[in-house]
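Subject: Structure handover

Hi,

Here is the structure we talked about. Please look it over, then read the notes below.

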Amino acid sequence: MLPALPDGDERERESSEEGGAAEERRPERHGCTYHGLYGYRSLSLLDTNLPAEAETELRSFIAKRLTKGALFEGMGNVASVGLSVPEGKVGCYYCRFQQESLLEMATLESDINAPEYVVCFLGGSEKEDTFRLELDKYIQNLKINLDLEQKNLEVCVSPYLRSWFEDAICPIQRVVQLFQDKLASLLHAALSYTPVEVKNADERTEKDISRFLAAASLQGLVQEGTMTSLCIAMTEEQHKSMVVDCSGPQPQLHNAGSNRFCEDWMQAFVNGAEGGNPFLFRQILENFKLKAIQDINNLKRFIRQAEMNHYALFKCYLFLKNCGSGDILLKIVKVEHAEMPEARNVVTVLEEFMRETSVA
């Protein structure tokens with residue numbers, strides 16, 4: 001994870017003109033998040049907001065990494081580096097990349113070498129890398145839109161680089177602050193692969209919600225076929241998306257679902273909101289997904305046991321009843337066990353148990 005800031009007061013607010021309660025509570029301080037863009041071959045400086053001495057130190061750090069062969073195209077790394085800035089030692093995400101349009105030309109004409117660059121994002125103290133994928137994606141957009149003609153550098157590239165913290169790190173925090181106690185329904189939608197339609201939202205809010213749903217889903221943690229089948233099953237079963245209407249000060253939700261599991265985790269997010277640390281929210285989200293996966297694995301283990309043991313079937317039922325997310329877990333294992341007759345029979349019995357319980 002890229003560097004967490006020592007506290008919420010020290011976070012740079014590049015988009016303060018957009019307002020928001022969190023920004024109003026914390027005075028803007030420039031200089032706590034930094035960036036640097038270099039030509040890869042000679043480490044020629046193209047753009048930075050670092051002081052001159054600190055920029056020279058950063059360039060020296062990157063040069064040492066290059067000599068060790070530690071930069072791979074499109075795959076960022078995170079390290080801690082000491083610079084002549086008020087924070088002293090800061091976390092540094094650095095990534096080597098090629099310009100997309102020229103890369104395509106180089107593929108067609110072998111005598112053309114696509115130019116390569118190194119980008120660095122810096123700020124705060126180094127923590128585990130839970131935002132590495134977001135920053136890798138942020139670089140992908142830079143690859144597509146990069147044009148180092150001077151006017152474009154000043155108008156497009158520099159503002160994009162300056163906005164890395166707000167655009168790549170803060171979406172989860174903004175969604176938590178926007179939804180508050182309605183966050184449980186968003187967590188439920190992410191976990192159950194329920195389609196979500198956002199209405200009357202500005203572009204940034206719509207992107208934030210989309211990023212939150214992607215970050216909260218179990219994509220990559222469950223089998224790809226299971227995820228695809230579950231998406232289809234949920235769409236066919238519900239016939240309706242969850243609608244998020246952002247026309248008012250707080251989103252209004254329609255066709256929303258929730259369960260005790262998501263309600264409990266929503267409370268963890270709300271309790272963490274006072275600190276205003278985006279890295280804390282991301283860690284809570286990762287713990288949420290980890291617990292969901294643990295529950296899925298436990299249920300699958302109970303189902304295997306229940307194929308031969310009626311007492312284990314009762315354990316399955318008790319687990320589903322007490323875990324708080326039995327509605328979602330049962331749908332996931334149903335999809336995974338669709339081609340396994342004995343396990344499918346167990347799931348069918350459990351579905352009947354759950355229906356009877358809900359009616360009772």
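**What was found**

Histidine 188 touches Gly257, Ser258, Asn259, Cys262, Asp327 and Ile328, leaving aside residues up to four places away in sequence. Contact here means heavy atoms within 4.5 Å. Histidine 188 sits in helix α8 (residues 183-192). Its relative accessibility is 10%, so histidine 188 counts as buried. The cut-offs: buried is under 20% relative accessible area, exposed is over 50%, and partly exposed is in between (1.4 Å probe, protein chains only). Helices (H or I, at least four residues) and strands (E, at least two) are DSSP runs, numbered from the N terminus.

Ground rules, before the rest. This is a predicted model: local features need pLDDT of at least 70, side-chain atom pairs count only at pLDDT 80 or more, and totals for chains, interfaces and linings use all residues. Residues are numbered from 1 along each chain as its sequence is written, and side-chain values use heavy atoms, with hydrogens and water left out.

**Sheet**

An open sheet is formed by 5 strands, in the order β2-β1-β5-β4-β3, with antiparallel pairing. Strands pair if DSSP finds at least two bridges between them. At the edges are β2 (45-48) and β3 (77-82), each pairing on one side only. From one strand to the next, the twist averages 25°. For angles, axes are lines fitted to C-alpha atoms (for helices, over the stretch in contact), and values run from 0 to 180 degrees between N-to-C directions. Strand β1 (residues 33-39) is joined to β2 by 3 bridges, and the two run antiparallel. Within that pairing, leucine 37 has aspartate 47 in β2 as its bridge partner.

**Salt bridges**

The count is 13 salt bridges. The rule: a side-chain nitrogen of Lys or Arg within 4 Å of a carboxyl oxygen of Asp or Glu.

- Glutamate 116 and arginine 41 meet through their side chains at 2.8 Å, N to O. Glutamate 116 lies in strand β5 (residues 116-123) and arginine 41 in the loop between β1 and β2, so the pair ties together parts 75 residues apart in sequence. Glutamate 116 is buried at 9% relative accessible area, whereas arginine 41 is exposed at 70%.
- Arginine 59 and glutamate 55 form a salt bridge at 2.9 Å, N to O. Both are in helix α2 (residues 52-67), 4 residues apart, so about one helical turn separates them. Arginine 59 is partly exposed, with 30% relative accessible area. Glutamate 55 is buried, with 5%.
- Aspartate 208 and arginine 174 have their closest N and O atoms 2.7 Å apart. Aspartate 208 is in helix α9 (residues 203-216) and arginine 174 in helix α7 (residues 171-179), so this pair ties together parts 34 residues apart in sequence. Both residues, aspartate 208 and arginine 174, are buried.

There is also a network: Glu134, Arg282, Glu286 and Lys289 are joined by salt bridges that share partners.

**Surface**

Which residues form a nonpolar patch on the surface? They are Tyr311, Phe314 and Leu318, with about 320 Å² of accessible area together. Patch residues have over 30% relative accessible area and no salt bridge; like charges are joined within 9 Å, nonpolar side chains (Val, Leu, Ile, Met, Phe, Trp, Tyr) within 5 Å. Areas come from the Shrake-Rupley method with a 1.4 Å probe; for residues, only the protein chains shown count as cover. Phenylalanine 314 is in helix α13 (residues 310-323). Phenylalanine 314 is partly exposed, at 42% relative accessible area.

Best wishes
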